Amino acid sequence: MFKHPFKSLGPIIGITGSIGAGKTVVTSFLRENGYQVINFDEVAKEIRERPEVKAQLIQEFGTNDAKELRKVLGGDLEKSYRLSQIVALPALQETFNRTNELFKSGAKVVFWEAALLMETGTYAGLTGMILVLAHEGTR
């Protein structure tokens, strides 16, 4: 089980939910009201765009585009694990680094927006969770 190393610096609240459920609406509201939000997908995108990572992804998977990578993986656990080593773990480390800096600069709480906080077990190390739900017809 995953536990983050910054729990003593301040509370980290996860925001998760399925695609189109309204996570962006929730995080926009939080940002408009002065809260710090880190979007894991944006951090992962930054990692994928690093020249050395981009080259590695293109060499191993033929692309560094998130949608194309999902197609290439096609549920293959070995490929998914490899992608996690190349992108997800560095993105998680970068998220930790940014969280640490926010607490050091005076943030009282930091929110992490990520679709897979529950599935990856990351939620277990967080202070709390906000699950954003929407009826399928609304999404």
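Predicted model: local features only at pLDDT ≥ 70, side-chain atom pairs only at ≥ 80, totals over all residues.

Q: Which residue forms a salt bridge with K54?

A: The general idea comes first. Side chains of opposite charge can pair when their charged atoms come close. Here K54 pairs with E49, and their closest N and O atoms are 3.8 Å apart. E49 counts as partly exposed too, at 40% relative accessibility.

Q: How many salt bridges does the structure hold?

A: Six. Take R50 and E94, whose closest N and O atoms are 4.0 Å apart. This pair links distant parts of the chain. R50 sits in the loop between α2 and α3, E94 in helix α5, and 44 residues separate them. R50 is partly exposed, at 33% relative accessible area.

Q: How do I read the pair R82 and E60?

A: Check the distance, then the location. Their side chains meet in a salt bridge at 2.9 Å, N to O. R82 belongs to helix α5 and E60 to helix α3, 22 residues apart, so this pair also links distant parts of the chain. R82 has a relative accessible area of 27%, which means partly exposed. E60 is partly exposed as well, at 36%.

Q: Which residues do salt bridges with shared partners join into one network?

A: E46, R50, E94 and R98.

Q: What is the nearest side chain of opposite charge to R48?

A: E49, 5.6 Å away. R48, in helix α2, is buried yet has no salt bridge. Beyond its sequence neighbours up to four places away, R48 touches V53, K54, L57, N64, A66, L69 and V87.

Q: What does the side chain of K23 reach?

A: The backbone oxygen of S18, at 3.2 Å. K23 lies in helix α1. K23 is buried and has no salt bridge; E113, the nearest side chain of opposite charge, is 5.1 Å away. Leaving aside neighbours within four places in sequence, the contacts of K23 include I15, T16, E113 and V132.

Q: At what angle do helices α4 and α5 pack?

A: Two packed helices are described by the angle between their axes and the distance between the axes. For α4 (residues 66–73) and α5 (residues 77–104), the angle is about 145 degrees and the axes are 9 Å apart. L69, V72 and L73 in α4 meet K79, S80 and L83 in α5. By class, that contact has four nonpolar, one polar and one charged residues.

Conventions. Residues numbered from 1 in each chain as written. Heavy atoms only, no water. Axes fitted to C-alpha atoms, helices over the stretch in contact; angles between N-to-C directions. Helix = DSSP H or I, 4+ residues; strand = E, 2+ residues; numbered from the N terminus. Contact = heavy atoms within 4.5 Å. Nonpolar A, V, L, I, M, F, W, Y, C, P; charged D, E, K, R; others polar. Buried < 20%, exposed > 50% of the residue type's maximum accessible area, 1.4 Å probe, protein only. Lys, Arg positive; Asp, Glu negative; His and termini not counted. Polar contact = N/O pair within 3.5 Å; in protein donor to acceptor, adjacent residues only side chain to side chain.
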